[in-house]
Amino acid sequence: MKNKDYILKQLQEADDFLSGEELAETLHITRAAVWQSIRDLRKAGFHIEAVTNRGYRLNRDYEPLAKEKITSYLMKELKDIDVLVEQSVDSTNDEIFRRDDENPLPSFSFMVAEEQTAGKGRVGKSFLSPFGSGLYLSTILKGSDDFTPELLTIIAAVAAREAIGKQTEKPVLIKWVNDLYLDHKKIVGILTEANFSSSSPRYVVGVGINTDTSRETFDKKELLNAGSIGESKLSRNQLAADFINALYSWCTRPKKEILDDYRKYNLTIGKTVSFSKKDIEYTGTVENIDDDGGLVVKVGGSHMTLTAGAISIRGDW
């Protein structure tokens, strides 16, 4: 019996985590060889969770990402796009730009990956993307005739909330400008990037949705603010298609409808927030989101409008 087959059998029979050290000793192989077997099993479609000081555990409810399943959920208007499914990439945003450089993709084509080794967040931050426990997706849009580029991040937030709502009734809300929260924990991050080097502008919208990442994984990385949807039966294949369907639909809607929905499910309005501008720290109360997606904050006796940047919500919310 090959090492990976023995490890799979032990994982299938185990009720809890299996120690990598014990597996290595039993098989008379190195810990590195155990890890290589785990990677081989993941490539074969098994979702195996790895937690420091605990070992490995098989997720029996895991549904691998599959092009055929994803495309079966796509609306007919998107039948000609490319759907790219990868096991591991550095960043889906970076990789889909590279693929488009090699062979131009139709607008709204998208890539999903089981893991990102260098997932990107805003302002140079990273996005934790462990294997099989989230949806890591990037879609490329060409030109700008059919959508408002300045609202792409807002559109993506509205689309992500709608897509998640197809499979769960949990109260997911939007935090200005690009995060989605559930039970005070961030479950979705969005990063929109643009490239103007060709004759037609290209935009990539990347979304990371934590579907079933464990609390131990977040704690290990000291991401106390992060959380997951926590639905083990949730289909990431359907979620990917539902997001693209919703993004496509919202891109064609009037600006007012987009912003009305964004405001309706926004948790930031009415909250006390802090932010910095030109190295000066401010604290104020959010009064509204204006017709360009800017955050209107009352600071003292005046108003300030934020069009980009990060905010922190103060107090209980």
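Predicted model: local features only at pLDDT ≥ 70, side-chain atom pairs only at ≥ 80, totals over all residues.
The domain assignment divides the protein into domain 1 (3–58), domain 2 (67–265) and domain 3 (271–313). The centres of domain 1 and domain 2, taken over C-alpha atoms, are 31 Å apart. Contact between these two domains involves nine residues of domain 1 and nine residues of domain 2.

The next topic is the interior. In soluble globular proteins, nonpolar side chains tend to be buried together. Here the largest nonpolar core has 64 residues, and F110, L180 and F243 are the ones that touch the most other members. Helix α6 (residues 152–164) is the element that gives the most to this core, supplying 10 residues. Because domain 2 (67–265) and domain 3 (271–313) both give residues to this core, it lies between them. Leaving aside residues up to four places away in sequence, F243 touches L137, A156, A159, A160, A163 and V207. Another core, of 14 residues, lies apart from the largest one and has L11, A24, L27 and V34 among its members.

Helix α9 (residues 255–264) can be followed from its buried residues, which are I258, L259, D261, Y262 and R263. The buried residues of α9 pack against α6, β6 (173–175), α8 (236–251) and β11 (280–289).

The largest pocket has a volume of about 960 Å³. It is lined by 45 residues, of which K125, S126, F127, D179 and K186 are the closest to its centre. Several elements each supply at least two residues of this lining, including α5 (92–102), β5 (134–142), β8 (185–195) and β14 (312–313). By class, the lining of the largest pocket contains 19 nonpolar, 18 polar and eight charged residues. Domain 2 (67–265) and domain 3 (271–313) each provide at least three residues of the lining of the largest pocket.

The second largest pocket holds about 760 Å³ of space. Of its 35 lining residues, R42, E49, A50, V51 and K220 are the closest to the centre. Among the elements that each supply at least two residues of the lining are α2 (20–27), α3 (31–43), β1 (48–51) and α7 (215–220). The lining of the second largest pocket divides into nine nonpolar, 14 polar and 12 charged residues. Where does the second largest pocket lie? Domain 1 (3–58) and domain 2 (67–265) both give residues to the lining, so this pocket lies between them.

Some single residues remain. D100 is part of helix α5. Its relative accessibility is 5%, and because buried means under 20%, D100 counts as buried. Apart from residues up to four places away in sequence, D100 touches L105, I140, K142 and R202.

The last topic is the backbone. Most residues other than glycine have a negative phi, and most peptide bonds are trans. W176 and V177 are joined by a cis peptide bond, with omega about 5°. V177 is in the loop between β6 and β7. D183, in the loop between β7 and β8, has a positive phi, near 55°. E222, in the loop between α7 and α8, also has a positive phi, near 60°. Are these two residues buried or exposed? The relative accessibility of D183 is 59%, so D183 counts as exposed. E222 counts as exposed at 67% relative accessibility.

Notes. Residues numbered from 1 in each chain as written. Heavy atoms only, no water. Core = buried A, V, L, I, M, F, W, Y, C linked by side-chain atoms within 4.5 Å. Buried < 20%, exposed > 50% of the residue type's maximum accessible area, 1.4 Å probe, protein only. Helix = DSSP H or I, 4+ residues; strand = E, 2+ residues; numbered from the N terminus. Domains from an automatic or database assignment. Contact = heavy atoms within 4.5 Å. 1 Å grid on protein atoms, 1.4 Å probe; cavity = no way out; pocket = protein on both sides within 12 Å on 5 of 7 lines; lining within 4 Å. Points joined across faces, edges and corners; volume = space filled by probe spheres on them. Nonpolar A, V, L, I, M, F, W, Y, C, P; charged D, E, K, R; others polar.
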